[in-house]
Amino acid sequence: MTLALGCIADDYTGASDLANMLTRCGLRTVQTIGVPDDALALPDVDAVVVSLKSRSIEASQAVARSREADKWLRARGATHVLFKICSTFDSTDAGNIGPVMDALRADSGDAIVLVTPAFPGTGRTVYQGNLFVGSVPLNESPLKDHPLNPMHDSNLERVLARQSKSKVGLVDLATVAKGAEAIRAKLIDFAKQGIGAAIIDAVFDPELEIIGQVALDHRLSVGASGMGLGLARGLIASGRVSAASASADQKAIGGPVACLAGSCSQATLAQIAHAEKSMPVLRLDPEKIVAGSSEVRRALDWSREYLGKGPVLIASSSTPDQVSALQARHGRDAAGHAIEQAMAAISEGLVAAGVRRLVIAGGETSGAVVDRLGIPAFLVGPEIAVGVPVLRCVGWSEGDAVTALKSGNFGGPDFFNDAIRLMP
Ligand SMILES: Nc1ncnc2c1ncn2[C@@H]1O[C@H](COP(=O)(O)OP(=O)(O)OP(=O)(O)O)[C@@H](O)[C@H]1O
Ligand SMILES: O=C(O)[C@@H](O)C(=O)CO
């Protein structure tokens, strides 16, 4: 297998979002969980997205894991690697976008790297270096209340400069509009000034196609699925990859189906409220989970009663005020970790009860669940919503199964039913 594109994603839902985009653009793509074991038989593909759970861990660990993934991808022929970050630039002043970018750039030997979280398909656009989420700047969007990385600054030049050793510059929309050569000239100029990272504006997909073309001159880029679109279309336009038709086969799985929500995003809260109209929903008590009491057992006893009758949803999610209050009492990381581990334990119990169709909301939550279940890789199936495909498990000890890993902010109001409909 010689890869045309290697990708390292900093969380699992982000990885499936990117794998979905690459597949839809015509690249045969597999998503692996961590750096794959040599024993794992992977299909012949154009792109591998290595999913890490490195968004919210200590920066030095994120760097080490990303470098290991990069080495694995390069050893399989990837001359270009995309470091996939969140389209809302989820990070803190301690990292991890900056430190990982710096390390991968040093390893690549590139003088400069292009960076953009723009993903117009989900309303993420970058103008004058400022990230917009729909019609509002990042710092006015629901991301200001994110449980792990509240985003209080929309200016990505500033945000990235605070967490990176590289000097950061901006390639503005006026330059992008002039085309690939203008961007190339700007990057040469930046590199002469010692600028090592360039935030690049993008508002619509055609700009990302130009950006993708230029990014392919280099060995590394940093971005979200919009950058993935640009790179994929660039690879196909240049003839380096011939476009394949999308999607893994859709053999029905059947049996019980369950949904787990650990995301506290506005979108997920609304989706849970919507699901309550059509399926039994169990709301976990986060305080009891952190105190270590028997919420896992309660959830599994509850689900046993309903699983045979139709889909169920188990949610830990609370409103921003309730999240802040819990974090104030127990600490952000301790609270998040305890709830993620409870969700992982619940997923294990659900699988033991025969569930092979599982919908999970939230990146960290998905990471904890997929790790606990030991699923090594996925092939991309049909698209449920922009950025969220059905995923078919590859090489899993429990056999055939499908899942969907939903980024907190993605999906329409009836997301859970939308997912279940595509998971026969
Ligand atoms: N009621 C709660 N109170 C405090 N923290 C919670 C609660 N429920 C879940 N959490 C934690 O909040 C975090 C949510 O992060 P997660 O990545 O799963 O969702 P998200 O950030 O909305 O999704 P994404 O990363 O895909 O955008 C997890 O660490 C989870 O354990
Ligand atoms: O880019 C996005 O917004 C998503 O793929 C994601 O990473 C959310 O966690």
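Mentor: Let's start with a term: a helix here is a DSSP run of H or I covering at least four residues, and helices are numbered from the N terminus. Keep in mind that this model is predicted.

Trainee: Okay, which helix gives the most to the shell around ligand 2?

Mentor: That's H1, residues 12–24, which puts in 3 residues. In total, 13 residues surround ligand 2, and the closest are Gly14, Asp17, Cys86, Ser87 and Ser407.

Trainee: What makes a residue part of that shell?

Mentor: Its C-beta atom, placed from the backbone, has to lie within 6 Å of the ligand. By class, the shell has 8 polar, 3 nonpolar and 2 charged residues. Gly14 is one of the closest, and glycine counts as polar in this scheme.

Trainee: Which domains does the shell draw on?

Mentor: Domain 1 (5–238) and domain 2 (257–422), with at least three residues from each.

Trainee: Moving on to the helix pair, how do you describe two packed helices?

Mentor: You give the angle between their axes and the distance between the axes. For H2 (residues 59–75) and H3 (residues 97–108), the axes come within 9 Å and cross at roughly 35°. That crossing is right-handed.

Trainee: Which residues make the contact?

Mentor: On H2 they are Ala59, Ala62, Val63, Ser66, Arg67 and Asp70, and on H3 they are Pro99, Val100, Ala103, Leu104 and Asp107. Sorted by class, that's 7 nonpolar, 3 charged and 1 polar.

Trainee: Why is Phe89 called buried?

Mentor: The cut-off is 20 or more other C-beta atoms within 10 Å. Phe89 has 25, so it's buried. It sits in the loop between E4 and H3.

Trainee: And why is Gln128 called partly exposed?

Mentor: Exposed means 12 or fewer, buried means 20 or more, and partly exposed is in between. Gln128 has 13, so it lands in between. You'll find Gln128 in the loop between strand E6 (124–127) and strand E7 (130–133).

Trainee: What is the phi of Phe89, and what is that of Gln128?

Mentor: Phe89 has a positive phi of about 55°, and phi of Gln128 is near 50°, also positive. Neither residue is a glycine. Most residues other than glycine have a negative phi, which is why such values get pointed out.

Trainee: How do you know that the Gly95 to Asn96 peptide bond is cis?

Mentor: Look at omega, which is near 5° there. Asn96 belongs to the loop between strand E4 (81–84) and H3. Most peptide bonds are trans.

Terms used
Residues numbered from 1 in each chain as written. Chains lettered and ligands numbered in written order. Predicted model: local features only at pLDDT ≥ 70, side-chain atom pairs only at ≥ 80, totals over all residues. Axes fitted to C-alpha atoms, helices over the stretch in contact; angles between N-to-C directions. Helix = DSSP H or I, 4+ residues; strand = E, 2+ residues; numbered from the N terminus. Left-handed = near helix turned anticlockwise from the far one by under 90°. Contact = placed C-beta atoms within 7 Å. Domains from an automatic or database assignment.
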